[in-house]
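Please read the points below with the sequence and the model side by side, and locate each residue before moving on to the next point.

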Amino acid sequence: MFSPFFYFALIVRVYKYAVSQIILMLLYYTVAHDTLTAVLVLDKKGVLYYAGVGHNSDQLVADAVAAYKNKPQTLLKMAEITPKMQYTINTYMAMVRDPRLIDDLNKKIPMYLGGTVLQKRVWTYLVNRTTCQSTTTYGEIAANLNIPRSSRAVGACCGSNKIALAIPCHRVVSKSGKLTGYRWGVEIKRTLLALEKLVATH
């Protein structure tokens, strides 16, 4: 027979584990303003889960909330910013101010990708194989990933991306060069591409 101390210690361990799981499921969003408005969703360790850019903060917050509506994580408005959170916010907003920094800083931001195997392959490709002041096509990405008949699937992966700029899906265009769908709007996609070229030439 176990002693009362054993049962007490067991209860404490279970309680601590339950609390740790609840903490892991808490995410926080904040709104930051610069050249564009950004809504960022992070955890306490500064890991970036979502980043939307645009002009309307209410729409961006609504998109972030919708993205986690049926998820196990609970999304809360950020009240207290940890140093790691501040690092991620500052680094992200530096990319908003100067897109020339995207190709360097997006590798320094801790990001939670989630997603399917194919989505992760496409998003990783965008981070490592696209560059400022250039575009690629869905077909080119599919070919480079050795799935040449999957350009539509690549497009769907780009559409599922929840981290604007850091995962630069705005650099992906149709075969004809036309700007196609973008989670935060085609006009924002056009703005980002124009801003990259504008900044990159100075």
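1. Gln133 lies in the loop that joins helix 5 (117-129) to strand 5 (136-137), and in this predicted model its phi is near 70°, a positive value in a residue that is not glycine.

2. Asn146 belongs to the loop between helix 6 (138-144) and helix 7 (151-160). Is Asn146 buried or exposed? Its relative accessibility is 67%, and because exposed means over 50%, Asn146 counts as exposed.

3. On the side of helix 5 the contact involves Leu118, Gln119, Val122, Trp123 and Leu126, while helix 7 contributes Ala153, Val154, Cys157, Cys158 and Ser160. Sorted by type, the residues of this contact are eight nonpolar and two polar, with no charged residue among them.

4. Ala38 is placed in strand 2, which covers residues 37-42, and its relative accessibility is 0%, so it counts as buried. Which residues does Ala38 touch, if those up to four places away in sequence are not counted? They are Thr30, Val31, Ala32, Gly52, Val53, Tyr92 and Met93. For one of these, Gly52, the C-alpha atom is separated from that of Ala38 by 5.5 Å, although the two residues are 14 residues apart along the chain.

5. Turning to the protein chain as a whole, its secondary structure consists of eight helices and six strands, and the order of these elements from the N terminus is α-β-β-β-α-β-α-α-α-β-α-α-β-α. Of the contacts with a separation of 6 or more, 58% are between residues 24 or more positions apart.

6. Finally, the surface deserves a comment. The protein chain has 202 residues, of which 43% are buried, and its accessible surface comes to about 11400 Å², with 59% of that area belonging to carbon and sulfur atoms.

Definitions and conventions
Residues are numbered from 1 along each chain as its sequence is written. This is a predicted model: local features need pLDDT of at least 70, side-chain atom pairs count only at pLDDT 80 or more; totals for chains, interfaces and linings use all residues. Side-chain values use heavy atoms; hydrogens and water are left out. Helices (H or I, at least four residues) and strands (E, at least two) are DSSP runs, numbered from the N terminus. Buried means under 20% relative accessible area, exposed over 50%, partly exposed in between (1.4 Å probe, protein chains only). Contact means heavy atoms within 4.5 Å. Accessible areas come from the Shrake-Rupley method with a 1.4 Å probe; for residues, only the protein chains shown count as cover. Ala, Val, Leu, Ile, Met, Phe, Trp, Tyr, Cys and Pro count as nonpolar, Asp, Glu, Lys and Arg as charged, and the others, Gly among them, as polar.
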